[in-house]
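I opened this notebook to record what I looked up in one protein chain.

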Amino acid sequence: MTVPLTARPDIAALVRSSADLIESLQDAGGAYPASPTFSAYSGYSWFRDGAFIADGMSSAGRAESAERFFDWCARTLESRGDEIAAIVAAARAGEPAPDAAMLPTRFTFDGLAGDDEWWDFQLDGYGTWVWALDEHVRRHGTDAAGWASAIALTVDYLTSSWRRPCFDWWEEHADHVHVSTLGCIAAGLRAAVRLGVLDAEREALAAAAAAEVEAVVRTRGTADGHLAKWLGSSAVDASLAAIVGVMDVVPAASDLGRATIATIERDLTVDGGVHRYLGDTYFGGGQWPLLSCLLGLAHARAGDHDRARELLDWAATTAGADGSMPEQVERRLLDPTRVDEWVERWGPSADPLLWTHAMFIRLAVELDGLESTRETAA
Ligand code: BGC
């Protein structure tokens, strides 16, 4: 028996307050801060976090907020058009640019790289922003023409560089090619084609690369019938729930999709709380509510709405008294001896994390529709 959100005022209220919080913290120029208070993230916006935040806001009917973020992505990319051209030319000449010359993963709100050192070369966010834009365009019937040149730059960047190892979603393991990263790239390239704003040559390039990336995901990207953390790994990573679920690169109801969901449940999930991967030591390796929501989306797409709702409910329990939702909770740690070193370095872990709020919104809307964000829902 499932209980709709409208009969769950606590969930509906948290969805609304989450959307309000994100809107209130969005920079005037469109960037979404990852976390306003956490020392290591403050002042920066990630393409990865931001794209998922925009998707959550778009799904909640906050179209204008999502579009301001897409505009920010477009301005950020267009200001680097020469850099992207140089990266593409180097790749075509068989002399790929060094990692340090690739685009950063996070930017200051005015679209600059910032002065702080970071694990910067990550490709996933460049696919994810185009995927989120396409979701938005299809949901709201928006005209994508204004983003055409930024989409073209993204296609150039990704088609020239997708085979390269880079840092993963968790900004780790730079020596590997990560299956979630490939999934985000494939989703972005497919979306770029679907948006219908590319010239014929680029469109063909994007379609061919998307097919190639998907083929790698389905062959070298699997182990024991499920998607793997990186090419050659036998483990799962909870980020794979995104490419199985909400991004639909591997259909959730396919054998590969179901096996991936089942392995994330078996290896990484306790109650409704999901660890990033076995061996995670960041702040002791706690449970991430945004991953509970991504796993819930995958279950929902595979048809298991009851499990999806349990995961949503679990994520709701991580909200503080003021409604703030964290990056992770310490209820079950993979390695409790590794908390203090991070607290000493950066202070307590991020809370609020806007990405968590957004994934909570996204799953709630998936399960119960837009009603959940209306003022009158009760
Ligand atoms: C996570 C990233 C995230 C960043 C900002 C890092 O700790 O590993 O996935 O993009 O925080 O939220």
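Entry 1, terms. I take helices (H or I, at least four residues) and strands (E, at least two) as DSSP runs, numbered from the N terminus. The model is predicted, so I note the limits: local features need pLDDT of at least 70, side-chain atom pairs count only at pLDDT 80 or more, and totals for chains, interfaces and linings use all residues. Residues are numbered from 1 along each chain as its sequence is written, and side-chain values use heavy atoms, with hydrogens and water left out.

I looked up where His 140 lies and found it in helix H5 (residues 124–140). Is His 140 buried, exposed or partly exposed? His 140 is partly exposed, its relative accessible area being 33%; buried means under 20% and exposed over 50%, with partly exposed in between (1.4 Å probe, protein chains only). Which residues does His 140 touch, leaving aside neighbours within four places in sequence? I found Ser 58, Gly 61 and Ala 63 in contact with His 140, where contact means heavy atoms within 4.5 Å. Gly 61 stands 79 residues from His 140 along the chain, yet their C-alpha atoms are separated by 8.6 Å.

I counted 14 helices and six strands in the protein chain. The radius of gyration is 19 Å, close to the 21 Å that the globule rule gives for 378 residues, so the chain is as compact as a globular protein of that length. That radius is taken over C-alpha atoms, and the globule rule is 2.2 Å times the number of residues to the power 0.38. The C-alpha trace spans about 55 × 45 × 40 Å along its principal axes. Of the 378 residues, 60% count as buried. Among contacts with a separation of 6 or more, 73% join residues 24 or more positions apart.

The mean pLDDT (the predictor's confidence in each residue, from 0 to 100) is 96 for the protein chain, and 96% of its residues reach 70 or more.

I recorded 30 aromatic pairs, a pair being rings of Phe, Tyr and Trp (its six-membered ring) with centres within 6.5 Å; planes under 30 degrees apart count as stacked, over 60 as edge-to-face and the rest as tilted. One cluster linked by ring pairs includes Tyr 32, Phe 47 and Trp 147.

Which rings does Arg 106 lie over? Arg 106 lies over the face of Tyr 44, at 3.5 Å from the ring centre, and its charged end sits over the ring of Trp 118, 3.8 Å from the centre. The rule requires NZ of Lys or CZ of Arg within 6 Å of the ring centre and within 35 degrees of the ring normal.
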